[in-house]
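Hi,

Here is the structure I promised to hand over. Have a look at it first, and then read on for what turned up.

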Amino acid sequence: MLKDATAIVGIAESPFAKKLEASECQLASEVIIAALEDAGIQPAEVDGMASYTMENTSEVDIAKNIGAGDMSFFAQVGYGGGAGPGVVGLLAMAVATGQCEVGVAWRSRKRGSGGRPWAGAQQASASGCWTRPFGLLRPADEIAMLTRRYMHQYGATREHLCNVATSVRKHANNNPKAIMYSRKMSRDDYMNARWISEPLCLFDNCLETDGALACVVVSAERAKDCPHPAVYIHSVAQGLPPQHQTMTNYWNDDPLRGPAWACADALYRNSDIQPKDVKVAQLYDAFSPLIILSLEGYGFCERGEGADFTNDGGIELGGRLPVNTSGGGLSEAYVHGFNLINEGVRQMRGTSCNQVEDADSCLVTAGEGVPTSAVILRR
Amino acid sequence: MSEMLLPVIGDDETPFWEAARKGELRIQTCKSCDRMRFPPRPMCPWCNSTQSEWKLTQGRGTIWSFVVPHPPLLPQFMDLAPYPVIAVTLDEDPKIRFIGNLVERSGDAINVIDPSTIEIGQAVEVFFDPVNEEIHMPRWVRV
Ligand SMILES: [Zn+2]
């Protein structure tokens, strides 16, 4: 069993900004070194690496920069924002099975200054050929299609999306590292924002950020020797449901029951911690409606109840389930969700800017709408 | 219209666009278990047969959802924005949802319909608008 066999013992992150001068390789190398310092482990001891298939920095480059020794495990997880906790899971499995002893995971991305992926492809091949020629071009359009249907099916409104956007913004307003730290958002600000793809407005969309983050995974035994309290990887899973289509999940019986449900089944099956026990969660938020879907998928409420769950500060500090306590992708930084992992670790260490006092476990998820992953961390 | 973003047609998609040139909406259907599947692919997920045929449909469906994209967009869509994009469940198999554009008649730009008149549940019918010799784009009108 993987349960509590490994732990995250080091985390680090670069500044977050619309534009950083350093290259993705330099940023990645710096945050990995910083995460190793946080863990009290020498770079030469690193023998395992895991990252995203969309990561531009290779294991070879990173190993050369940080001065790693012999590497015995390196692997990647696909599907963009679906990868994060799955990347940590790869290291957990590798450490638990003896394939490596010190694993580092990272994501370095200049999404703020480096251009928009959807703007690149001028032709519509493969999966895009059934959507892009009709003007459904961007991830925002693809998720807006599911959002409109959700609103129709369950009676949700923009007020609910506004709940999400303003709730995570409040959390960012307490986090000096968040890009939106000093920018408050009122409900009027949200309602008057320009459209991106109706029914989604500007503030339903994540930030465009340059940044890098890393974490270090070792065995639970070794974690006892590290300076910070161990944050155990209690359960981790990936999720890919039948007949799923990445982002454009329109061709199955129930498009609003996405990868989160498959992932949650596997996650809780191997977990002593169930939804009722979770007191803080970091839910992937490239778009605000993904939080609503994830609340349902990961079992915090029933189908169709995710929207109302956000009412009355439900996902704010002090609410039913504080979500994205560092500000998430909507208001802290958008680095394919790796900031959610590090915030989960801080919650378990007791060092979050929005600390949930009685939280002894934290759910961290990757993107709903793509083949996904999730991890339950515990103190 | 020559500026439009055109689909790249691979082996799996060829029969669809051949039918489109004849004004027909055809869907890949398993020869063994008779179930439709979309997008087209080599194997039936329900019986694993690789034998398929392309069944003629009525070309009718229901609006399942819709969006209205605003800039920033690709250059060829910027001048058309905001424009509605609809998802249409096909009458023959509601799990097949075509993404497409609602218009009034052949030759219409994709932004001719006022999005505030669009409602989920409206009935629509397909026709095919030639963009060039190879590509006849499916377009939808309300019925
Ligand atoms: Zn079959």
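A word on terms to start with: helices (H or I, at least four residues) and strands (E, at least two) are DSSP runs, numbered from the N terminus, and two strands pair if DSSP finds at least two bridges between them. This is a predicted model, so local features need pLDDT of at least 70 and side-chain atom pairs count only at pLDDT 80 or more, while totals for chains, interfaces and linings use all residues. Residues are numbered from 1 along each chain as its sequence is written, chains are lettered from A and ligands numbered from 1 in the order in which they are written, and side-chain values use heavy atoms, with hydrogens and water left out.

Let's begin with the strands. In chain B, a hairpin takes β4(B) into β5(B) through two residues. The two strands run antiparallel, joined by five bridges, and β4 covers residues 85–90. One of the residues involved is B:I86, whose bridge partner in β5(B) is B:G100. Seven of the eight residues of β5(B) are buried (under 20% relative accessible area; exposed is over 50%, partly exposed in between, with a 1.4 Å probe and protein chains only), so the strand is largely enclosed by the rest of the structure.

Rings of Phe, Tyr and Trp (its six-membered ring) pair if their centres lie within 6.5 Å; planes under 30 degrees apart are stacked, over 60 edge-to-face and the rest tilted. Over all chains there are twelve aromatic pairs. Among them is the tilted pair of B:F98 and B:W140, at 6.2 Å centre to centre and 45° between the planes. B:F98 is in β5 (residues 93–100) and B:W140 in β7 (residues 136–142), 42 residues apart. B:F98 is buried at 3% relative accessibility, and B:W140 is buried at 1%. Both belong to a cluster linked by ring pairs, which also includes A:W130 and A:Y250.

Now, which residues coordinate the zinc ion? They are B:C30, B:C33, B:C44 and B:C47, each through SG, at 2.3 Å (donors are N, O and S atoms within 2.8 Å of the metal, or 3.2 Å for Na, K and Ca; water is not among the atoms, so sites may look incomplete). Their spacing in sequence is C-x2-C-x10-C-x2-C. B:C30 is buried at 0% relative accessibility, whereas B:C47 is partly exposed at 31%.

Happy browsing!
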